[in-house]
There are 2 protein chains.
Amino acid sequence: MTLPTIRTVGMIGTGVIGASWTALFLAKGLKVIVTDPAPGADSKLRDYLLKYWPTIPNAEVTQDEYLNNYRFVKEIDTHLGDIDLIQENGPERLDFKRRLFAHLDANTPEHVVIASSSSGIPSSEFITECKKNPALEVVPHQGTGDVYVTAALQFYLRLVKDPVLVKKETPGFIANRLQAAVCAEAYSLVSRGVISAEDLDKTVTSGLGLRWALTGPIMTNTLGGGGDFNHFMDHLGPALKAWLDDMHRHEFDVDSRDVDVLKERVDEWTSQVNLKEVEKSRDKLLVSLIKSKTEGSA
Amino acid sequence: MTLPTIRTVGMIGTGVIGASWTALFLAKGLKVIVTDPAPGADSKLRDYLLKYWPTIPNAEVTQDEYLNNYRFVKEIDTHLGDIDLIQENGPERLDFKRRLFAHLDANTPEHVVIASSSSGIPSSEFITECKKNPALEVVPHQGTGDVYVTAALQFYLRLVKDPVLVKKETPGFIANRLQAAVCAEAYSLVSRGVISAEDLDKTVTSGLGLRWALTGPIMTNTLGGGGDFNHFMDHLGPALKAWLDDMHRHEFDVDSRDVDVLKERVDEWTSQVNLKEVEKSRDKLLVSLIKSKTEGSA
């Protein structure tokens, strides 16, 4: 079975994530049928779409088409026959998602891909939303047929640069876990007074982060081993083990009083920083960084 | 006591790290007295300096000055009186370093800063050298006077953008530990078949890495919490704990057979990649990324 090309998307929920998806889908020329039971959701979505139009890279339609290719409906059920993919962005509550998925499953044709925007967490705050270049992890559950996985990957490939396939469900998925690993060690070092919060961040932005923006940890290791990951592992394994052992001895405990020490030390720095300016400058640089990466790899 | 301005540097050892330092010091207008007992070290250094001259950003001297402001000497002892700072880049062997430091300590005037380029590891491979923007961690030992720490920080600030101060010695220092944290989780996910090596890297280069190139983990969290790290921690703490607990249950063991599985999975990807091209493109993008960051923050 090959699934039909996805042309019309059903969007359930238009919070930050649902609204971002809607903007992206519309900019890529898809039709979107949107629903959200929250009062005023319709006009909030329109405001969002208007606001973000100038920041969308590589839109494939005019602003008019972008704004006219969606329909906000009270009830999506009567439209399920017209939809090729459903992007669900409801609240992160198990009972809600269970009921919704059972309902969708019973009421959509077989070819419809049902995708959940679950972030694995009760909010989208951990991974700050990066509208310019959303990172996307496709996580099929055990019963998902390959044909749906392929269709989903192909579909998202049109929309974002690098969708990745998570082959086994795992708490937090991938990006959250990698971020948690760095953060836990960062929190330990700062709360133990080994380094200031500001200098901890500098270590990343002036070194590791620059590299990881261009090659991930595994390719970075491979290049570090002169093009040979095996050589790298054989050579660095013992040092790595020694550091990891020491890191375990000083593990940061999210439930301990160390959190208060950490908060204080972070505040010493961030209270003296113009955060709005930092954010503005970061967003600007992010766009130019993604642009130069796209050009560099073309 | 205020230390005199550092104008002349003594360079001991001219392997990759020592040669990089020499190039950087010379490009910034310092005089360098160099020594290395290895056969042919003198001409190797000259080749290195010639090769890297075109890639040095913001050189403050002409190429002629750059090439004429150093002297390669057989024996540094007779020059110790002319030197303001010694940058030691000898082999990472405790016995060697101990003897060298005792000797330098006994034979240099009090104002001389003695700095070791120890990377905390038996090679410089883990942190791939990044000549365009070396990350620098200043790690005083317990007995180092504040005046030397300040002098060192001020000196390196002229040379690299973001020297950081490590306040307590800790195995691996900072960057190595943060990198080890990410790598350990990455190795676990890939060896367990949760995600392919290629997709693991994509997760970083298309998301986390882009952000960490611009704001470090703590500022990223702070901005993610709407400008409030406390809010971020209170809100995300429980999810973070759940992920970290699961990560501990699946900890990667550097000494186990998992390493072989990992190597195989990495090889499946990297054997099909033109690594020379990847490295070339990475180096090129790195320069432009650092340039746009410098301009963006100016």
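Start by selecting residues 172–235 of chain A, where UniProt, in an unreviewed entry, places the feature "domain: 3-hydroxyacyl-CoA dehydrogenase C-terminal"; such positions are given in the numbering used here, and annotations may be inferred rather than shown by experiment. What you see is a predicted model, in which local features need pLDDT of at least 70 and side-chain atom pairs count only at pLDDT 80 or more, while totals for chains, interfaces and linings use all residues. Residues are numbered from 1 along each chain as its sequence is written, chains are lettered from A, and side-chain values use heavy atoms, with hydrogens and water left out.

Keep that span selected. It is 75% helix and 0% strand, and its end C-alpha atoms lie 31 Å apart. Helices (H or I, at least four residues) and strands (E, at least two) are DSSP runs, numbered from the N terminus.

Next, colour chain A by domain. Domain 1 covers 8–165 and domain 2 covers 175–297; these bounds come from an automatic or database domain assignment. The C-alpha centres of the two domains lie 31 Å apart.

Now bring in chain B. In contact (heavy atoms within 4.5 Å) are 113 residues of chain A and 112 residues of chain B. Among the elements of chain A to highlight here are α6 (175–191), α9 (229–249) and α11 (275–297), each of which supplies at least two residues of the side that touches chain B. The largest share, 17 residues, comes from α9(A).

How much area is buried between chain A and chain B? The value is about 10,700 Å², with carbon and sulfur atoms giving 71%; buried area is the accessible area (1.4 Å probe) that two parts lose on being put together, summed over both.

For the last stop, zoom in on B:Arg177 and A:Asp246, whose side chains meet in a salt bridge (2.7 Å, N to O). B:Arg177 lies in helix α6 of chain B and A:Asp246 in helix α9 of chain A, so this pair joins two chains. A salt bridge is a side-chain nitrogen of Lys or Arg within 4 Å of a carboxyl oxygen of Asp or Glu. Between chain A and chain B the count is 8 salt bridges.
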